[in-house]
Amino acid sequence: MNESSTTSSDSVEPFRTASPKKQNVFLRPHSVLGRKGLERLDLLLLAIESIDLNGGESLIWVAQQLGLENVFPNRVELWKQRCHNPLRRSTRRGSLDSTESEGLILLLCSMSQRLYPLIHQLLSSKEPIELSRERWKLLNKRLIHLMEERMNTRLSSVQRLMTPTKVKELSRQLVFTLALSAGPGGVDRLRASLLDPTP
Amino acid sequence: MIKTSFQYDQTTARLYVEGLPDFSIGQEDGVIGILSGWRIELIGSHELEGKKEHLQSLMNVVQPYVRHRLSGVERSFGDPSSHVSIRPLEGSHEILLRSSQVGVNPLTIVLDDAELADLIRCLDDLILDHRVRIDWTIPANQPLLRRDLVDKVPFVKRFFTPVLGTSIFILTTSLFLTIPLPTLFEFSPSLVQPTDQKQ
């Protein structure tokens with residue numbers, strides 16, 4: 001006899017960590033994201049919004065689906081937490097606590113999973129070149145627009161990110177990161193990469 | 001005895017595993033405790049299959065490679081003696097598979113970013129599947145060390161700060177050395193008059 005089953009992971013479901021038996025040392029309350037980690041996390045969320053035109057609403061909906069209503073009850077709370085990014089126009093002092101940063105990471109991985117077909121299309125070399133070029137052009141345009149709207153454009157680091165060559169490199173890097181951190185398996189990986197020290 | 005099989009699907013990759021429950025440790029039907037075979041189908045590429053050790057070897061190189069790529073570090077994993085190795089190759093990823101059979105040439109597979117993401121998602125799904133109770137020994141996802149990340153920073157930028165600091169120190173010291181020292185006067189003891197001597 002042969003019993004078989006197919007697993008498809010495109011639905012929103014509560015995430016489990018990769019190694020439930022082991023205690024994850026990075027979930028300790030004092031393991032908070034540094035400046036670079038906050039910047040990167042917010043830019044990744046911005047990339048999500050660039051891919052999904054209705055990304056702002058989707059983030060709240062996914063937060064509710066994941067049971068994160070207490071952490072992100074509404075758009076304002078989500079915006080306030082994202083404002084810890086020092087590159088933001090209206091930045092907030094201090095850093096996110098571990099619950100908030102964990103919530104944002106879960107939200108990001110879940111959104112990447114939802115948008116995975118689009119992310120896959122963008123990254124695939126098998127797609128028609130012209131079509132792929134147009135998709136990247138649209139994505140970069142929207143990313144620049146969102147950065148102009150939300151980031152402090154007087155900062156030289158933001159200006160540097162918004163140059164045409166840098167924005168192409170940045171968007172490619174962000175989309176690839178989203179692809180590799182999509183789904184429950186990406187949570188640990190993304191968290192570890194956001195906790196990297198500054199070189 | 002019931003043979004159980006599970007399938008994990010992504011756009012360009014499909015992982016198929018089959019095995020049996022390990023009744024010696026009380027596992028029930030419908031779970032896999034002993035892996036009898038696996039197969040990975042990569043669309044437009046080769047089909048891979050092997051024993052548990054081979055799948056373990058694949059996980060052992062692909063997981064840390066992806067973890068490093070998330071942090072922007074491009075490096076190879078897997079030594080020439082191992083079954084599998086992976087290295088970055090001009091915007092794509094080259095996996096080299098060495099057969100344990102004598103006289104079989106190594107197989108090379110080149111994956112683009114989307115295919116790598118599909119492969120890692122299939123492996124993640126397998127690792128996180130609670131029905132597959134196999135103790136995979138996978139490197140834990142941890143923040144990278146500073147020395148791993150230092151190669152990301154351009155050579156000029158890396159040495160700019162210490163060179164600037166040393167230059168400023170030398171310049172300041174040289175400036176102080178150019179200031180002439182005050183002339184020293186010698187006082188003879190007869191010229192010094194005692195004051196407020198106690199009786």
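So, chain B: four helices and seven strands, where helices (H or I, at least four residues) and strands (E, at least two) are DSSP runs, numbered from the N terminus. Going from the N terminus, the order is β-β-β-β-α-β-β-β-α-α-α.

Before I go on, the ground rules. This is a predicted model, where local features need pLDDT of at least 70 and side-chain atom pairs count only at pLDDT 80 or more, while totals for chains, interfaces and linings use all residues. Residues are numbered from 1 along each chain as its sequence is written, and chains are lettered from A and ligands numbered from 1 in the order in which they are written.

Back to chain B. Its C-alpha trace spans about 115 × 50 × 35 Å along the principal axes. Of its 199 residues, 27% count as buried. Buried here means 20 or more other C-beta atoms within 10 Å of the residue's own, exposed means 12 or fewer, and partly exposed is in between, with C-beta atoms placed from the backbone. In chain A, also with 199 residues, the buried part comes to 40%.

Chain A has another make-up: nine helices and one strand, in the pattern β-α-α-α-α-α-α-α-α-α. Now take contacts with a separation of 6 or more. In chain A, 76% of those are between residues 24 or more positions apart, and in chain B that figure is 45%. A contact means two C-beta atoms, placed from the backbone, within 7 Å.

Next, the strands of chain B. E2(B), residues 13-20, runs antiparallel to E3(B), residues 34-42, with eight bridges joining them. Strands pair, by the way, if DSSP finds at least two bridges between them. E3(B) is also antiparallel to E4(B), residues 47-50, through four bridges. Have a look at Trp38(B) in E3(B): Val17(B) stands opposite it, and in E4(B) its bridge partner is Gly50(B). E3(B) and E4(B) make a hairpin with four residues between them, and Gly44(B) in the turn has a positive phi of about 75°.

There's another positive phi to look at, in a residue other than glycine: Glu90(B), near 45°. Where is Glu90(B)? You'll find it in the loop between strand E5 (84-89) and strand E6 (92-97) of chain B. Glu90(B) is exposed, with 6 other C-beta atoms within 10 Å.

On to the contact between the chains. Chain B puts in 35 residues and chain A 33. On the chain B side, the elements giving two or more residues are strand E1 (3-9), helix H1 (52-70), H2 and helix H3 (146-149). Which of them gives the largest share? That's H2(B), with nine residues. By class, the chain B side has 15 nonpolar, eight polar and twelve charged residues. For the classes, Ala, Val, Leu, Ile, Met, Phe, Trp, Tyr, Cys and Pro count as nonpolar, Asp, Glu, Lys and Arg as charged, and the others, Gly among them, as polar.

H2(B) itself covers residues 113-128, so to speak, and its 16 residues reach 22 Å from first C-alpha to last, close to the 22 Å expected at 1.5 Å a residue. The expected span is 1.5 Å times one less than the number of residues. Of those 16 residues, 15 are buried.

Now the largest nonpolar core. It has 76 residues, and Ala47(A), Leu108(A), Ala179(A) and Val62(B) touch the most other members. Helix H1 of chain A, residues 35-51, gives the most to this core, with nine residues. By core I mean a set of buried Ala, Val, Leu, Ile, Met, Phe, Trp, Tyr and Cys residues joined through C-beta atoms within 7 Å. Leaving aside neighbours within four places in sequence, Val62(B) is in contact with Ile86(B), Leu119(B), Ile120(B) and Leu123(B).

Leu59(A), in helix H2 (residues 55-65) of chain A, is buried, with 23 other C-beta atoms within 10 Å. Not counting residues up to four places away in sequence, Leu59(A) touches Leu78(A), Leu107(A) and Met111(A). Pro139(B) sits in the loop between H2 and H3 of chain B and counts as exposed, with 12 C-beta neighbours inside 10 Å. Its contacts, leaving aside neighbours within four places in sequence, are Gln63(B) and Pro64(B).
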